[in-house]
Amino acid sequence: MSSAIPRNPQLAIHNRQSVITLLTDFGTQDYFVGAMKGVILSANPSAAIVDITHDIPPQDIHAAAFNLLATYRDFPAGSVHVAVVDPGVGSSRRPILVECAEQMFVGPDNGLFSWICEREKRFTARQLTNESFFRHPKSKTFHGRDVFAPVAAALARGVSAEEVGPLIDNLVKLESLTPKRRDDGTLEGCVIHIDRFGNCITNFTTEHLTTASTRSSSLVINDRELTSFREFFAEKPDAAESLFMICGSAGFIEVAAQNESAAAILKIKRGQQVLLRTG
Amino acid sequence: MSSAIPRNPQLAIHNRQSVITLLTDFGTQDYFVGAMKGVILSANPSAAIVDITHDIPPQDIHAAAFNLLATYRDFPAGSVHVAVVDPGVGSSRRPILVECAEQMFVGPDNGLFSWICEREKRFTARQLTNESFFRHPKSKTFHGRDVFAPVAAALARGVSAEEVGPLIDNLVKLESLTPKRRDDGTLEGCVIHIDRFGNCITNFTTEHLTTASTRSSSLVINDRELTSFREFFAEKPDAAESLFMICGSAGFIEVAAQNESAAAILKIKRGQQVLLRTG
Amino acid sequence: MSSAIPRNPQLAIHNRQSVITLLTDFGTQDYFVGAMKGVILSANPSAAIVDITHDIPPQDIHAAAFNLLATYRDFPAGSVHVAVVDPGVGSSRRPILVECAEQMFVGPDNGLFSWICEREKRFTARQLTNESFFRHPKSKTFHGRDVFAPVAAALARGVSAEEVGPLIDNLVKLESLTPKRRDDGTLEGCVIHIDRFGNCITNFTTEHLTTASTRSSSLVINDRELTSFREFFAEKPDAAESLFMICGSAGFIEVAAQNESAAAILKIKRGQQVLLRTG
């Protein structure tokens, strides 16, 4: 492997270790993640493997999509991201490669990468059909190890996208990340993720707030109107208001509560509607 | 260290980072695993360290033995696997190196590697006696850091097996992985592991099923006879049968249930007898 | 980045990957730790990143300080340790670099490194003011990703300490690690940490016990006097005493119980007074 000429110019120029990230719902109690890493290092001995998380709630494609969306831009060009939340493993769902933002994304075609594609707009997708890159034997129950990990290892060492399979379209999509504007100017969005602290991440960003209007915006969720906005969590509240908006580290407006779970206080569920009134 | 001439031909030829895996019951809440990695990188700056898992139930040698058995073959030749589930740390139990399948295994002599030795048949074992490879001072409570990690680091950078200590035999063994055949042809096996989903991994493999007999095999456990066999978890059941057999990703026949814990439904415990009737 | 001439002599001489460790209270469920690693690898493609732990109880600066204290000496010279338990993120608390023991420590100025400074005695501290090493945009809620990770990456690739910011003093300190000696010779210490097994780590070390007096020392906590001392956990007790002292792997005397939680039995809390009577 190490004698192969890298065909990925990004890697050739920098002569650096190639980065492969892993994001799964496998947990860390069993050998599953270790097996993926063994397969990767067997095919690509110089890979730098990074765990994003393996504690995605079982089969929760939305949580996986959000976490990858929140962090892929922090990785160097040429990185390969492997995401495996795969309730349909063994069935006819397609194994895919998505290329966008100078990075590569490998996993099942079930929406995991759709928010990244929506944000980036320009992307290409391929179906992983070239079995010569797969682990042999290939099981019907563990494509993370047998399909996605070895294909990612090959791509990270410079195998070209063309070699792994043909271009495809009509990828499975999650609901859109883009809020809708109503006739009265109100923006209609939703809660795209609830983190383990109970902070509710919406699909509104600071781009939906003009600087002028930050202090005059209000957010309505479950018939409750929030007008308080903080810049950081330890900020002294300007009122006896325990619930507030904050611009979270993933770039979205979050509904948060001082040392409490906003989701619990407001009985918020993922996917739920949120309204934003500005100006 | 980096100026030493590697004596492990595998490493010398490929000029790659050496792989060291860790499997323990230390959890990830304390500094224990970090300390092992610090010791390894101090002795072998180019090591690629892979966590298999640190969430083995405390002192559960069988769970550790199963998880290592399930994944060692996915790692490149020359890998060094460190397994530390070590209730006898500080006592007279021997610290050992096992070499087999072109890989190395380092840990206490308490059966952790016995299933790998049984499967591979050809192996050699040594007692770690050369204290020049140990961390100093050596504690009596943390040999993962003070004995196993630094010896693994030395082996991974090319120190020869002869240098770490003398050949030994009579390793501690767990019960055999091989099912017994009764006079009537029935195979008598056992449950070697129950994973966190409640899937019960038996010591039967597809080699015990001829292709012809897959559909005519039955498995008996706790007076319940299972005849349903699925190729993957999302497969549509051919009957209203919630319990089924499946060939799991570790290569063994598992007893599973659709989105439920087969162990809970059948009240299965590890070590329990299972019968397989074929043809 | 990779074409920069390393200015850290330690790194230049050994030509090895630079070690960066991470210790946080972020948990492993979200993208937070992955984002820090992406930022590090973007700025320093050859970094070897080691997780010490991400399961520090939220905002528990003492637990973070203890775990780092217990393991930093196991890492090679030139390592950069990033610790982020940061209740004051976004406020006026200073982001700092501490250099001591041939290693570097990066994090908020809230006492995280004070026990290391106290032990090592010689150290220098700087405030991280050079924003050219920060991630852009810099959030007000996630300095682990936006300040500490990228500065650590720069330091690990050879950027000199002078470049990251000016020397400062008056670092925030935790209570001292040093026991006090009373007039009657009794040492007055405290419980600095309770681990997940309920072992209570005190600030006494074997230096406070002369070899001669190990067997004649007694430890008083919550009006209970302990006189039993074990060398390792599996040691046969010399009496029907379930509670005992042991020299733990972090170098401190611990109060432990056979397969039980000493903290629970004795109702011990962190910070609580302990007395040691010797001879």
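Two strands count as paired if DSSP finds at least two bridges between them; strands (E, at least two residues) and helices (H or I, at least four) are DSSP runs, numbered from the N terminus. In that sense, A:T21 stands opposite A:V50 in strand 2 of chain A. The model is predicted: local features need pLDDT of at least 70, side-chain atom pairs count only at pLDDT 80 or more, and totals for chains, interfaces and linings use all residues. Residues are numbered from 1 along each chain as its sequence is written, chains are lettered from A and ligands numbered from 1 in the order in which they are written, and side-chain values use heavy atoms, with hydrogens and water left out.

**Chain A against chain C**

- Contact (heavy atoms within 4.5 Å) involves 29 residues of chain A and 29 residues of chain C.
- The buried area is about 2,400 Å², with 51% given by carbon and sulfur atoms; buried area is the accessible area (1.4 Å probe) that two parts lose on being put together, summed over both.
- A:D74, A:R196 and A:S249 supply 27% of the area that chain A buries against chain C, more than any other three residues.
- There are 3 salt bridges between chain A and chain C (a side-chain nitrogen of Lys or Arg within 4 Å of a carboxyl oxygen of Asp or Glu).
- A:R196 forms a salt bridge with C:D30, with 3.8 Å between the closest N and O atoms.
- Strand 2 (48-53), helix 3 (61-71) and strand 14 (243-247) of chain A each give at least two residues to the side that touches chain C.
- That side of chain A has 14 nonpolar, 8 polar and 7 charged residues (Ala, Val, Leu, Ile, Met, Phe, Trp, Tyr, Cys and Pro are nonpolar, Asp, Glu, Lys and Arg charged, and the others, Gly among them, polar).

**Chain A against chain B**

- Here 29 residues from chain A meet 29 residues from chain B, and the two chains bury about 2,400 Å² between them, 51% of it on carbon and sulfur atoms.
- The interface of chain A and chain B has 3 salt bridges; A:D30 forms a salt bridge with B:R196, the closest N and O atoms being 3.8 Å apart.
- Helix 2 (residues 32-43) of chain A gives 8 residues, the largest share of the side that touches chain B.
- By class, this side of chain A has 11 nonpolar, 12 polar and 6 charged residues.

**Sheets**

- In chain A, 7 strands form an open sheet of mixed pairing in the order 2-1-3-5-4-6-7.
- Strand 2 and strand 7 (167-168) of chain A stand at the edges with a single partner strand each, so one side of each is left without a neighbour in the sheet.
- Strand 1 (residues 19-24) and strand 2 of chain A pair in the parallel sense over 5 bridges.
- In chain B, strand 3 (residues 80-84) and strand 5 (residues 103-108) run parallel and are joined by 3 bridges, with B:V80 opposite B:M104 in strand 5 of chain B.
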